[in-house]
Structures are given as structure tokens and as C-alpha cells.
Amino acid sequence: MAALPRITLVATGGTIAGLAPAGAGAFEYQAGALAAEALLQALPQAGELARLGSETLFSLDSKDLEPTHWLRLIARLRDLLAQPEVDGIVVTHGTDTLEETACALDLCLPRGKPVILTAAMRPASAPGADGPLNLLQAIRAAATPELGACGPLVAAGDRLWRARDIGKRHTHAVDALGAFAEGPLGLFRGTALHLGASPTAAAALFSDALPERLPWVDILPGYAGAAPSLIDAAVADGAEGLVLALAGHGSVPERWLPALARAAARVPVVRASRIPAGGVWPQANFDDAAHGLIAAGSRSAWQARVLLSFGLARGLGKDALAGLFAT
Ligand code: SIN
């Protein structure tokens, strides 16, 4: 019998590692309380799918993750992926900012070995905790070598998603993670994985040395009556790029135009949407070229911010950044 694949679990925190005191209400728990080893100890069946190692990189609620954590996580995962004795990786994470970390990993991790993120909406100590099955399914995906070509994936709620297609869609329902651009790549039934289409190769956009820091990019929401002074204030505060999370198909309020022209003369400005699906397409609903804006394409505002930060860190100018968003 072939030896089982060797999978390393890297824990970063989140509700999947959350613990609630006895008798606590549904929302009274500490995220990231359990270390990676404890998550595996509670899941003896995982030993039937893979030979498992584990490490706890962070024990954080994902609302407290910063871009510096993305850089540390990417560096550690690059190290692990370079080790011949690692066949695949599972990363446990909070659901709140999963789509941002997933995007950062998608941009920067080499392809070849599966990297599967997973999360949960209910703490490990809750009745009906969703973490154990999500983790088991993530291990199954990480032990599936052909998924290594796809770039990082997310296993949650019986589904397997591409990292850039995922977003949090509900504040408390157990199936909170859902699609932004495309539907899931595959479905789990227990620990069996059924892939809808052959996984396709997608190269990492940034495979070079990591920057020491990521330039600061602000997200500005569009809403009825939003003041254009927000735009000037963000640039004056030192934002090195802006992402607009606008209504509809990236609809720019008329009274923002003068402030946007001032901002776009100084920093790259990406036109995205606050709507959780569909994206914002170049020259659609707005003359991006005439106003010097970049359309976010199929990326959510949150993922557009991550992409813009990494593009700026590489020193790309506006045209090259627009090219990145067009990929
Ligand atoms: C977090 O994002 O760390 C807390 C919430 C969750 O994991 O669902």
C-alpha cells in the first residue's frame, strides 16, 4: 500500500480553534484558543487520510491579523512547501478576513503542492461544531496532489473553493462562506471529494522575494451622501493607494469627481463594488481611462486592496497595476 501523504497543519487562530466556557452563549468564546496539535488530537480519523504534522503560527481572531501577518504566513508556507517531506499544507484561519489572507496566499505561493485553508463558524467546544468536518475535508484536499496546480483553495461547508472566489456572506450562519466570482471547484461528501471540473493551473503573480512591508491601501465605501472629503483625508493621511467599494457596478457619485481627480493624480485608485458578487469591469458604467481609475475586474474590494498592496510593493506604476487587475 502506498504511504499516506505528509500534510502539515499550520494554525493561525479563528473560531475553528475557539473555546467557550461552560454555559456560555453562542457568541461568547475566545477565537484561536486551541493550538494546532489540539485540533488534530480531537480528530483521530485524520490519521487515515495523511501523516500529519502541525505548528501554531498565530493564535489570533482574524480581525486582528495585519498585512505583516500575511507576509509572515507566506514566508513560513514557502519554507514548508520547499521541504521534500511536506506533500501538502492545511491552514486554519478565522472566517472574518479569510478572503484577504486567501488572496495574499494566492498571489505569492508557489504552485505544485496543495495548500488548503479552512475555517469554522462555531467554536470547537460548541454543540454541532463545524470545524472538525471542515478540517477533515481540508486534509483530504491537501492529500490530493492534482490540486497543487490550482493555487491555494478553501475547504468549508462541504465545498472546495478557489481562494480568489471566496467571501464571507453571513454574520453567523454556519454556511457563511460563499462565492464571489465563480461557484465551487468541488463538493465533499463526507471525506470523499468530487471535483466539478479538472483543476486548472494558475501561476502565482508574485513569486519573488517578499517585501519588508506592504504599502498602505485604504478602502473607501460608497453610500448615499458619502462625503468626498473622505478621499482627500485618506490621501492626506498617507494612503499609498485607494480602493473604492462603491454601490452597484462601481457607480461613482458625481460629487466625488473633483476629489477623485486630485487623488488619482497622486495614488492609484481602484474602482470596486460593495456588492458581494459580479465584479466591476473596465469602462463599464464609468470612463475609467478618462478619470485615471483602475477597474477591480472580478475581485472584491477586499481582495482588490490586497492585490494593489502587493503591486505597489513591487513598485508597479499605474499601467502595470491596471494590467494586474486585468489578469
Ligand atoms: C475570526 O475570524 O477569527 C473569528 C470569526 C470566525 O472565525 O468565524
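1. In this predicted model, four strands make up an open sheet in the order β11-β12-β13-β14, and their pairing is parallel. The edges are β11 (217-221) and β14 (294-295), each of which pairs on one side only.

2. Within that sheet, β12 (residues 241-246) and β13 (residues 269-273) are joined in the parallel sense over 5 bridges.

3. Helix α5 (residues 229-236) lies across β11 and β12, and its direction is at about 170° to β11. Helix α8 lies across β11, β12 and β13, and runs at about 165° to β12.

4. Helix α8 (residues 301-313) also meets helix α9 (residues 318-326): their axes come within 10 Å and cross at roughly 140°. That angle makes α8 oblique to α9. The crossing of α8 and α9 is right-handed.

5. Which residues of α8 meet α9? On the α8 side they are Ala-304, Leu-307, Leu-308, Gly-311 and Leu-312, and on the α9 side Leu-321, Leu-324 and Phe-325. Sorted by class, the contact of α8 with α9 has 7 nonpolar residues, 1 polar residue and no charged residues.

6. The contact between them involves 17 residues of domain 1 and 14 residues of domain 2.

7. A second sheet to note is an open one of 8 strands, with the order β2-β1-β3-β4-β5-β6-β9-β10 and mixed pairing. Its edges are β2 (51-60) and β10 (192-195); each has a single partner strand, so one side of each is left without a neighbour in the sheet. From one strand to the next, the twist averages 25°.

8. Strand β1 (residues 6-13) pairs with β2 in the parallel sense over 7 bridges. Here Thr-8 stands opposite Gly-53 in β2.

9. Helix α2 (residues 67-81) lies across β1, β2, β3 (88-92) and β4 (115-118), with its direction at about 165° to β2. Helix α4 (residues 131-142) packs on the sheet as well, touching β1, β2, β3, β4, β5 (153-156), β6 (159-162), β9 (186-189) and β10. The direction of α4 makes about 155° with that of β3.

10. How do α2 and α8 pack, and at what angle? Their axes are 12 Å apart and the angle is about 70°. The two helices, α2 and α8, are therefore roughly perpendicular to each other. Pro-67, Trp-70, Leu-71 and Ile-74 of α2 make the contact with Arg-305, Val-306 and Phe-310 of α8. By class, the contact of α2 with α8 has 6 nonpolar residues, no polar residues and 1 charged residue.

11. Helix α8 is worth a separate look, as several of the points above involve it. Helix α8 lies across β11, β12 and β13, meets α9 through residues including Leu-307 and Leu-308, and packs with α2 through residues including Val-306 and Phe-310. The two helix pairs can be set side by side: α8 is oblique to α9, whereas α2 and α8 are roughly perpendicular.

Notes:
Residues numbered from 1 in each chain as written. Predicted model: local features only at pLDDT ≥ 70, side-chain atom pairs only at ≥ 80, totals over all residues. Heavy atoms only, no water. Axes fitted to C-alpha atoms, helices over the stretch in contact; angles between N-to-C directions. Parallel < 35°, antiparallel > 145°, perpendicular 65-115°, else oblique. Left-handed = near helix turned anticlockwise from the far one by under 90°. Contact = heavy atoms within 4.5 Å. Nonpolar A, V, L, I, M, F, W, Y, C, P; charged D, E, K, R; others polar. Pairing = 2+ DSSP bridges.
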